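Welcome! Please take a moment to look over the sequence and the 3D view before reading on.

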Amino acid sequence: MTYQADRLANFGTSIFTEIAALADQHQALRLSSGYPNTSGPNSLIEATTVAMQKGHNQYVWSHGAGPLRDAIARHEQRFYQREVNPDTEITVTAGATEALFLSAMAFVNPGDEVIVLEPYFEYYVPNAEMAGGVPRYVPLRAPDWTFDPDELAAAFNNKTKLIMLNTPHNPTGRVFTKAQLQIIADLCQKWDVIAVVDEVYEHLVYGDAQHVRLRDLPEMADRTITISSMSKTFSMTGWRIGWILASEALSNAVRLVHQFTVDCASAPLQFGCAAALDLPDAYYADLANTYAQKRDLLLPTIQQIGLKPYIPDAGFFIMADFSDLGFSDDVAFCKHLIETVGVATIPPSAFFSSGNKSLAKQWIRFAFCKDDAVLTAACERLMQLS
Ligand SMILES: Cc1ncc(COP(=O)(O)O)c(C=O)c1O
């Protein structure tokens with residue numbers, strides 16, 4: 001007799017858990033996990049402590065504490081020159097993770113199709129499936145990690161309800177161009193589809209690259225759910241505060257699910273986050289510069305040991321092709337790196353559907369969101385492969 005609900009039948013242990021266990025066993029440096037090994041700014045911790053001391057310890061509005069929604073609206077104005085109504089168009093969630101779940105539960109009926117661009121952040125498909133949705137995969141392919149417009153167009157039909165995408169993109173580190181987003185926008189309009197755009201890396205964009213938002217393209221604001229969070233911009237992945245930006249009608253739907261899922265995200269942390277979003281422009285610029293330097297610290301070693309990296313424009317991951325080293329399987333190569341040199345990475349085939357895993361079989365993903373001491377030590381270990 002199994003008590004587990006049928007809807008969980010396809011869910012297994014995440015690749016991150018498996019790699020973390022092996023990394024522990026071999027005391028490997030973890031360039032696998034997508035979170036920093038240092039905390040974000042002290043001022044956030046102080047602002048949260050003050051909020052607790054002032055008594056902000058009770059439930060707040062389900063859709064978010066007023067000061068945080070106001071701060072998100074100011075952030076919109078400052079970085080995207082957009083007026084957003086904090087009362088009706090912003091919903092504070094328990095991280096982008098909850099926002100993704102709400103987006104699926106609020107809009108997908110059983111049997112609806114959900115287009116997922118792959119490689120995808122590993123929660124998209126379970127979220128779509130929990131809502132009864134049927135994923136339709138459209139791959140991004142190396143070397144540029146982009147989609148084929150005809151293949152994308154062929155995935156849309158009158159059962160399509162949502163498309164889930166991520167820009168700047170994990171794991172490839174590419175940002176979708178305006179022209180690419182326009183192709184997606186045209187298809188969403190043609191087939192009356194809602195776009196869920198995960199933009200958690202919105203502030204980690206390097207050099208001349210530019211983060212363009214689907215919601216800012218003509219006619220897209222009313223059919224786009226934009227998701228972001230504190231995790232990556234403020235190096236506080238454990239705080240679990242994120243948000244959804246959407247029209248009033250779409251916000252109302254996600255709020256219904258949110259209200260009966262978590263009620264509200266952690267109240268005192270919302271006050272700390274409000275202070276964080278108002279940090280000066282210099283904070284955001286330093287963040288991007290620091291990550292660009294970390295990327296550039298790791299890249300030469302990756303090249304020297306014979307891997308061919310895709311140079312990321314954004315995010316904190318580097319995808320690298322290891323086929324010249326005589327390996328042909330990403331999981332086997334990841335295990336080899338952990339066991340022989342003590343560096344943990346992630347096999348990106350985990351971010352593809354079963355039919356398309358071969359597209360990533362010769363790639364691995366390095367995370368460079370670690371302090372320089374860890375990155376330098378990892379480079380020294382990796383050089384043993386040269
Ligand atoms: C693309 C992407 N979306 C969402 C998340 C989760 O964000 P949060 O910590 O806000 O739940 C991550 C975390 O790694 C991510 O890479």
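What follows is a short tour of a ligand site and a sheet.

## About the model

Please keep in mind that this is a predicted model.

## Around the ligand

Let's begin with the ligand, which is surrounded by 13 residues. The closest of them are T97, D198, Y201, S229 and S231. Sorted by class, this shell holds 6 polar, 4 nonpolar and 3 charged residues.

Some polar atoms pair up here. In the side chain of D198, an N or O atom is 2.5 Å from a nitrogen atom of the ligand. The side chain of S231 has an N or O atom 2.6 Å from an oxygen atom of the ligand, and a polar side-chain atom of R240 lies 2.7 Å from a ligand oxygen atom. On its own, the ligand exposes 390 Å², and the protein buries 92% of that. Two elements, α4 (95-107) and α8 (230-233), each give two or more residues to the shell. The largest share comes from α4, with 3 residues.

## The sheet

Now to the strands. An open sheet is formed by 3 strands in the order β9-β10-β12, with antiparallel pairing. Because β9 (308-310) and β12 (363-367) each have a single partner strand, they stand at the edges, and one side of each is left without a neighbour in the sheet. On average, neighbouring strands of this sheet are turned by 35 degrees against each other, direction ignored.

Look at β9 and β10 (residues 317-321) in turn: these antiparallel strands are joined by 3 bridges. Which residue in β10 is the bridge partner of Y310? That partner is M319.

Key
Residues are numbered from 1 along each chain as its sequence is written. This is a predicted model: local features need pLDDT of at least 70, side-chain atom pairs count only at pLDDT 80 or more; totals for chains, interfaces and linings use all residues. Side-chain values use heavy atoms; hydrogens and water are left out. Two strands pair if DSSP finds at least two bridges between them. Helices (H or I, at least four residues) and strands (E, at least two) are DSSP runs, numbered from the N terminus. Axes are lines fitted to C-alpha atoms, for helices over the stretch in contact, and angles run from 0 to 180 degrees between N-to-C directions. A residue is near a molecule or strand if one of its heavy atoms lies within 4 Å of it. A polar contact is a pair of N or O atoms within 3.5 Å; within protein, one must be able to donate a hydrogen and the other to accept it, and residues adjacent in sequence count only if both atoms are side-chain atoms. Accessible areas come from the Shrake-Rupley method with a 1.4 Å probe; for residues, only the protein chains shown count as cover. Ala, Val, Leu, Ile, Met, Phe, Trp, Tyr, Cys and Pro count as nonpolar, Asp, Glu, Lys and Arg as charged, and the others, Gly among them, as polar.
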